[in-house]
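Please read them with the coordinates open.

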Amino acid sequence: MKNIIVGTAGHIDHGKTALVKALTGIDADRLEEEKRRGITIDLGFAHLELTPELRLGFVDVPGHERFIKNMLAGVGGIDLLLFVIAADESIKPQTREHFDICRLLGIRRGIVALTKADLVDEDILGLVRLEVEELVAGSFLEGAPIVPVSSVTGAGLDELRRELARVAATVGEKNAAGYFRLPVDRVFTVKGFGTVATGTLISGSVAREQEVEVYPAGRRLRVRGVQVHGSAAGRAVAGQRTAVNLADIEPADLARGDVLSEPGRFHAVKQIDCRLDLLVSAKPLKHRAPVHFHSGTAEIEAEVRLLEGGAAMRPGSTAYVRLILRHPALLLPGDGFIIRMFSPVVTIGGGVVVDIQGDTGGRRHRKGGDVKARLETLCSGTAAARIALLVREAAFGMGMAELVARTGMREPEIAAAAAQAPLVAIAQPQPWYVDRAWMQSERERIVRTVREFHQRTPLLPGVARQELRGGAPVFVLDELLAESREIVAEGELVRSRGHKLVLKEDEEQARAKIERAFEDAALAVPAMAEVLAKSGVEAARARSLLQILLREKRLVRISGELVFHHTAIARLRELLGRHKGERFRVPEFKEWTGISRKYAIPLLEFLDRERITRREGDERVVL
């Protein structure tokens, strides 16, 4: 069954709630004060199975100017607008403000209901129709059905139902395959069940026993039960009015404006880059102006930062701006929003979120054309262009999880877009994407660094991998090295492919002298500094020659400054082999080897590490 959310809009006392009741049989006014005063104060909800294939969920919003913020909490999730104008009063102030809000939020389909049609004659009805056509000209409601109705007599209701069915057939359903997001519009307690949160499910699905996360608080909860349009269900999908019974949380710990979503999937943010449309009726919007920000069911104080320069944004214009929110919220690119002034509190503009950035480390924009071009790509570019831009801006590329959190796109969509972009995919538990041009530039840097290293230090075999990383993840470095034809990675060292160690005559002599000094000393080796000083070459080259001998395993380093010739260690192994299974202490070891404690202790610790011996208290066992 197709699920479509229909939202009412219009001036106070123009008959929105009465019309919903006439269509559905459900009184959307649930509060005692609403019934006593005869006006809608908060959101109301109803539903109607219009055909066996179509179910409409109605969100009835308040029309009074004092309750516009409540209206905004409900209108964000609607698919189809039921624009209500009373035939006996025609267009009023909140008619215009509600219409502006719906235009700014990007609603694409709607129907105009001329309510209280039984109170006027045909001439007045014709005049009101003309005024409505003038109001909606050039908007998404231009050419929309205009249906006179009476909630009292029932006149026009059948035609309105037919038009609802016809227009709803042209409306696309919300993305049930997307990631689960449920903006909370009501929280209450049901006796015997506990805390219940309700909202319009704008993406994905939620099922009984599923784990969810409350954004921005970050608390994880279990869903005990699910209701759809007031009836128990195993699962709710996008486009349905949904109630979830949540375990282990009190109603006071949730509020309108919170969002239930997938655990660990997204990040609540405090700054967003947006495309903003400023109404013609608004005053010029200054840099750093304070505003009320409304998106989904949330209302947050915010500050406007103009990104394209200028002291103020002109009424009727469109520009890219940054909004700094006082409190974090779960927002994704493509989310619509409204901004209202502080005083007087009126709607002045709205638009769409283009990019979200974390509280720290966010990209700093310079004013000018590059900002506009960047945000144009993120706002209107292809999926491939958007993914390529985000990856290119990241220092070492981006992983799939971060791309999902940054864009809200599903993994298959990102993978398909990345395949069409100039990116390199690195296989990890999750794919990691790197800009191809950056990879080429970085590979050239590494080759150049290795070549220069060989020129400076010809006696060393190569550069340590760690020195080449430059902060990049290890797997990115691995990819850089693997794809290069000019360099070779050998263990923890990287060298030029054609690099060979060629010693000069004095170096060959010094190398032999160093090795012979340790070989002749057996286990009573001289100090390393003493050997290097007598090698016949300067200190730097002598140390390099020592490293060559260690790398070739001609010498064995036992500790920081203690080095033995490999033959001495081999003879020691043979000696201990003759004592296999015996227990011994340090004095016995000194007696067997004829060395002092200065050498005995480091050698024994080395033998323990090599699993030739095992220490047990003050004794050791030859393994």
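1. Which residue in S12 is the bridge partner of Val212? The partner of Val212 in S12 is Leu221. Four bridges join strand S11 (residues 211-215) to strand S12 (residues 219-228), and the two run antiparallel. Strands here are DSSP runs of E with at least two residues, helices are runs of H or I with at least four residues, and both are numbered from the N terminus. Two strands are said to pair if DSSP finds at least two bridges between them.

2. On provenance, this is a predicted model, in which local features need pLDDT of at least 70 and side-chain atom pairs count only at pLDDT 80 or more, while totals for chains, interfaces and linings use all residues. Residues are numbered from 1 along each chain as its sequence is written, and side-chain values use heavy atoms, with hydrogens and water left out.

3. S11 and S12 form a hairpin with three residues between them. Pro216 lies in this loop, and a cis peptide bond with omega of about 10° joins Tyr215 to Pro216. Gly218, also in the turn, has a positive phi of about 85°.

4. S11 has a further partner in strand S16 (residues 259-261), to which it pairs in the antiparallel sense over three bridges. In that pairing Val214 stands opposite Leu260. Four of the five residues of S11 are buried, where buried means under 20% relative accessible area, exposed means over 50%, and partly exposed is in between (1.4 Å probe, protein chains only).

5. Pro344 is placed in the loop between strand S23 (336-340) and strand S24 (347-357). As background, most residues other than glycine have a negative phi, and most peptide bonds are trans.

6. Asp248, with phi of about 65°, is in the loop between strand S15 (241-246) and S16. Asp248 counts as exposed because its relative accessibility is 63%. Arg288 has phi near 70° and sits in the loop between strand S18 (285-286) and strand S19 (290-295). With a relative accessible area of 46%, Arg288 is partly exposed.

7. His14 lies in the loop between strand S1 (2-9) and helix H1 (16-24). Its relative accessible area is 0%, so His14 is buried. The His14 side chain makes a polar contact of 2.9 Å with the side chain of Glu89. A polar contact is a pair of N or O atoms within 3.5 Å; within protein, one must be able to donate a hydrogen and the other to accept it, and residues adjacent in sequence count only if both atoms are side-chain atoms. Leaving aside neighbours within four places in sequence, His14 is in contact (heavy atoms within 4.5 Å) with residues including Val84, Ile85, Thr95 and Lys116.

8. Helix H4 (residues 93-104) has twelve residues and reaches 17 Å from its first C-alpha to its last, close to the 16 Å expected at 1.5 Å a residue. That expected span is 1.5 Å times one less than the number of residues. H4 is mostly covered, with nine of its twelve residues buried, among them His98, Phe99 and Asp100. Just after H4, Gly106 takes a positive phi of about 80°.

9. Two arginines are placed over aromatic rings. The charged end of Arg103 sits over the ring of Phe99, 5.4 Å from its centre, and Arg410 lies over the face of Tyr179 at 4.6 Å from the ring centre. The criterion is NZ of Lys or CZ of Arg within 6 Å of the ring centre and within 35 degrees of the ring normal.

10. Leu423 is found in strand S26 (residues 423-426) and counts as buried at 7% relative accessibility. Leaving aside neighbours within four places in sequence, its contacts include Ile387, Val391, Tyr433 and Arg436. The C-alpha atoms of Leu423 and Ala482 are 17 Å apart, and the two residues are 59 residues apart along the chain.

11. S34 pairs with strand S35 (residues 619-622) over four bridges, and Glu616 stands opposite Glu619.
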